[in-house]
Amino acid sequence: NKPLLRSDYRPLDFKILTTELDFNFDENLANPFTVTSKLHFQRLTSGVTSFTLDGQDLELLSLKVNGTDWQDYQLEDLPGEGKFQNLTIDISKLDNQDDFVVEIVNTLEVANNKLLSGIYKAGEHICSQCESKGFRLITFYFDRPDNLSVFTVKITADKTKYPYLLSNGNFVEGSELDNGKHFAVWHDPFPKPSYLFALVAGEFDVLEDHFITKSGRKVDLKIFAEVGRGEQLHFAMSSLKRSMKWDEDRFGLEYDLDLFMIVAVSFFNMGAMENKGLNIFNESALIGSKDTATDARLKRIDKVVAHEYFHNWTGDRVTCRDWFQLTLKEGLTVFRDQEFTSDTFDRTLERIESVEIMQNYQFDEDSGPTSHPIRPEKVLSQDNFYTVTVYDKGSEVIRMIHTLIGEENFQKGMKLYFERHDGQAVTCDDFVAAMADASGYNLDKFKLWYSQSGTPNLKVEQQFEAERGVLTLTFTQVNNPTNDQKEKQPLVLPLRTLFLDQEGSPVVNLKTTSGEKVEELIVLESDKLVLEVVTAKPLVVVTNLDFSAPIKVEQDRSFAELALVASKAPNEYARYQAVQDLNYQVYLKTLADASFVESQEFALFLDVYKDLLDQAVVNPAVYAILLRFTSPANVAARFKADLDPLAVLEVYKTVSQALAKAHGDRALALFKQLPEVGAYEFNVTQAGLRDLKAVLLTLATKEGQHKDLVASLYEKADNFTDRINALRINLANNLGLDSLEQDFFKRYADEVLVLDAYQSVRATFANSLAEVKELTKLHSYDAQNPNRVRAIMTPFAMHNFAVMYNKDASGIKYVVEEVLRTDKFNPQLSSNLVNLLLKFFKLTAEYRNLILNELSFLQSQTLSNNVKEKVDSALE
Ligand code: HT7
Ligand code: ZN
């Protein structure tokens with residue numbers, strides 16, 4: 001159980017040129033069953049006469065080399081958790097050691113595989129998940145991303161139970177056999193690493209369509225889902241076709257096979273998987289229509305379909321040399337999906353949503369026990385590194401490159417990257433080199449973002465000297481030590497900056513005292529930068545606009561100045577940023593003194609909300625966000641220490657109440673005046689209006705009045721968003737509209753994903769732990785299904801502060817129980833749940849100790865590597 005180090009990378013001495021796999025499934029999935037693999041090896045380092053293949057939980061039945069039974073091998077069980085195996089094959093007795101064929105027959109477990117890795121049963125379907133190290137659960141192999149091989153796969157199974165037999169690439173042949181079985185052979189011409197292998201067998205509903213590529217090729221598109229759910233695939237199909245078109249238009253990237261398939265499965269640890277030509281999805285990220293999914297979930301489906309499709313180039317055609325380079329494909333592909341969403345919907349909205357992920361989740365990760373750079377140096381369990389840091393901060397790093405070199409150069413960089421590396425497994429350095437070479441921009445200093453963890457703090461100080469007519473701006477960056485790294489250096493920070501006058505209007509064409517233009521983009525390359533700006537009047541400075549660098553900004557500004565920017569800035573992102581800062585100030589001031597809500601400053605805050613309400617129709621989607629007073633969970637992310645969750649919750653309740661009292665009538669009036677949304681369509685305007693309506697109605701019904709409007713929102717709804725919003729408002733404001741829930745259950749009794757959404761709302765508003773536990777009794781609940789477990793545990797632990805942080809520690813202990821229970825069969829799931837406990841470091845001593853005690857208890861138990869790695873870091 002030793003951690004792996006990035007510096008340990010060694011290239012392979014042999015390569016597997018082609019891989020032929022033969023699966024023969026029994027009708028009842030007799031357990032274990034056999035797989036035959038035929039591997040064509042080529043030696044890369046002359047003189048080397050042995051190599052080691054990875055395995056896990058496998059039984060070797062036979063081994064041949066060039067058709068002859070081979071005894072010169074050693075099969076060794078590795079110490080530690082799981083049954084990891086090394087199969088070392090010695091070829092010194094072989095005549096031609098440069099080129100030979102190894103044939104392996106082994107058995108593997110499918111029916112009892114609860115890891116959701118390798119090949120497993122998802123309900124009635126058989127499916128695979130090989131990223132990152134799942135292929136070794138199927139057969140012995142170089143299960144690492146730098147071994148690219150051409151795969152041919154034969155699948156044989158019962159025809160009635162498994163009418164569809166799918167794998168990567170193109171269908172070659174298939175036919176019925178006389179024993180009730182049938183077979184299919186698939187060939188993927190693109191060499192790929194084992195983590196991109198996929199296999200699916202089962203009965204499905206299929207939605208078929210096609211796409212004509214820019215060079216005129218027809219690509220068949222097929223999306224598969226559980227029987228009965230085919231009607232809910234149309235949205236995903238439209239997302240796929242738009243993604244294919246967008247990647248051609250924006251990046252010039254065309255799809256390369258004649259067939260693209262996506263399959264939805266019910267048991268899956270993450271959102272989806274980009275296997276070449278055969279994406280496999282968690283059903284929650286694929287299945288949904290206006291009647292079963294919220295606008296937010298449809299948007300997620302759109303994003304995930306796009307993300308996995310974009311991986312075809314950034315991930316599949318060019319992949320990672322080793323798993324330390326994960327951000328090479330993930331950061332870049334998140335950047336691409338964010339751009340897709342921005343171009344498709346609303347750029348500011350998308351930016352705000354991406355920034356919220358960074359500020360509400362990634363910043364905590366980067367200052368907590370599991371802090372790591374986007375390209376980690378040391379890993380015990382690779383599964384633990386599919387993080388918001390690798391993905392979302394990784395995308396911010398790509399975005400900074402884009403900001404520094406511009407769109408045109410970025411596209412040149414992408415072109416060069418593919419020219420140089422198509423069909424290869426490469427590193428983050430290779431990517432940055434392509435960007436630097438194509439643009440001529442020196443990114444040497446910038447590269448520190450790949451190896452340094454932690455969030456930089458940017459101090460912005462300003463001093464106005466009226467007599468000189470000069471505003472002196474001082475930018476200073478402080479990089480605090482993190483759990484994983486004590487020494488830090490200054491990073492390159494691109495800071496998009498906006499200057500406003502005292503009325504909130506933009507001031508442009510500013511010059512420095514030495515006569516240079518003050519650029520819109522200020523690049524801070526060292527600890528400190530001083531800028532002397534010529535101006536007769538003081539200016540309001542808004543920096544890190546659009547979150548141009550993933551940093552925290554500390555700027556000493558008055559409440560009045562924040563209020564000015566929030567109400568008047570000619571830029572929605574700047575307003576969003578100011579509203580967040582203002583909300584945070586309100587929390588701090590009310591925590592310090594409860595009578596703050598009677599102060600002049602609070603009155604100013606209420607005025608800002610009035611202004612926001614008055615402007616909301618301009619962009620309902622964005623204003624719906626601005627009008628939501630920051631939740632306790634999100635404000636918690638801004639605290640560094642001494643966070644008392646129950647005190648924060650009290651402030652939330654008091655301020656929400658005050659906002660409702662001050663603006664309930666105005667919210668109601670606006671609600672009534674809003675334009676009719678019309679028959680359901682999925683677009684930003686409609687989704688924004690639905691969201692805004694919910695925000696307004698929450699304000700207007702806070703004191704229990706106007707319930708009829710909530711009931712009518714539900715009853716008149718032609719979509720799921722309005723229905724679940726009505727249920728949420730009913731619970732949030734205690735309106736007692738029980739009939740809504742009764743109808744909801746009648747309508748949706750068989751829709752598990754809809755019931756997940758309902759469980760999440762209940763878990764958020766449950767009044768006791770008993771109520772939370774009661775949710776596990778719902779007919780759709782399955783304690784082994786990650787979607788079902790997470791639908792309750794995540795909202796409960798993250799958003800239900802009252803129950804989670806009950807002083808008797810019962811909430812915290814419940815999370816621990818669930819970690820231990822799930823760790824026995826699915827360490828990826830349990831490791832996910834542990835994250836819910838890792839914010840202890842910023843809590844008051846009382847809570848910190850409660851959680852640390854529980855983590856020590858966890859540490860004393862038998863744990864998977866996944867959970868152990870996190871618990872050990874927390875207690876280090
Ligand atoms: N590349 C995919 C990662 C993934 C995964 C990783 C570990 C365990 C299970 C997994 N399922 C999917 C998802 C993506 O980023 O596109
Ligand atoms: Zn991805």
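What share of the contacts in the protein with a separation of 6 or more is accounted for by residues 24 or more positions apart? In this predicted model, such residues account for 70% of those contacts. The protein has 876 residues, and 48% of them are buried. A compact globule with 876 residues would have a radius of gyration near 29 Å, and the value of 28 Å for the protein therefore agrees with that expectation. Along the principal axes, the C-alpha trace spans about 90 × 70 × 60 Å. The secondary structure comprises 25 helices and 31 strands.

Eight strands take part in it, in the order 6-5-9-3-2-12-15-14, and their pairing is mixed. Strand 6 (68-69) and strand 14 (170-176) stand at the edges; each has a single partner strand, so one side of each is left without a neighbour in the sheet. Strands of a sheet pair through backbone hydrogen bonds, in either the parallel or the antiparallel sense. Within this sheet, strand 5 (residues 59-65) and strand 9 (residues 99-108) are paired antiparallel over 6 bridges. Leu-60 stands opposite Asn-106 of strand 9.

Strand 10 (residues 118-122) is mostly covered, with 5 of its 5 residues buried. Strand 10 is joined by 5 bridges to strand 11 (residues 125-129), and the two run antiparallel. Ile-119 is placed opposite Ser-128 in strand 11. The hairpin leaves 2 residues between its strands, and Gly-123 takes a positive phi near 60 degrees.

The next region is named in a record. An unreviewed UniProt entry annotates residues 235-446 as "domain: Peptidase M1 membrane alanine aminopeptidase". This span is 56% helix and 9% strand, and its end C-alpha atoms lie 40 Å apart.

Attention now turns to ligand 1. Of the 15 residues around ligand 1, those that come nearest are Glu-131, Asn-269, Met-270, Met-273 and Tyr-386. Strand 20 (272-273) and helix 2 (295-310) are the elements that give two or more residues to this shell. Sorted by class, the shell contains 4 nonpolar, 6 polar and 5 charged residues.

Strand 25 (residues 457-465) pairs with strand 26 (residues 470-478) in the antiparallel sense over 9 bridges. The bridge partner of Asn-457 in strand 26 is Val-478. These two strands form a hairpin with 4 residues between them, and Gly-469 in the turn has a positive phi of about 65 degrees. Strand 25 also pairs with strand 31 (residues 552-555), in this case in the parallel sense and over 4 bridges. Leu-458 stands opposite Val-553 in strand 31.

Is Asp-527 buried or exposed? Asp-527 is exposed, because 12 other C-beta atoms lie within 10 Å, and a residue counts as exposed when that number is 12 or fewer. Its neighbours within four places in sequence aside, Asp-527 is in contact with Thr-476, Gln-477 and Pro-490. Asp-527 and Val-492 are 35 residues apart in sequence, and their C-alpha atoms are 9.5 Å apart in space.

Methods
Residues numbered from 1 in each chain as written. Chains lettered and ligands numbered in written order. Predicted model: local features only at pLDDT ≥ 70, side-chain atom pairs only at ≥ 80, totals over all residues. Buried ≥ 20, exposed ≤ 12 C-beta atoms within 10 Å, placed from the backbone. Contact = placed C-beta atoms within 7 Å. UniProt positions renumbered as here; feature names shortened; annotations may be inferred. Near = placed C-beta within 6 Å. Nonpolar A, V, L, I, M, F, W, Y, C, P; charged D, E, K, R; others polar. Rg over C-alpha atoms; globule rule 2.2 N^0.38 Å. Pairing = 2+ DSSP bridges.
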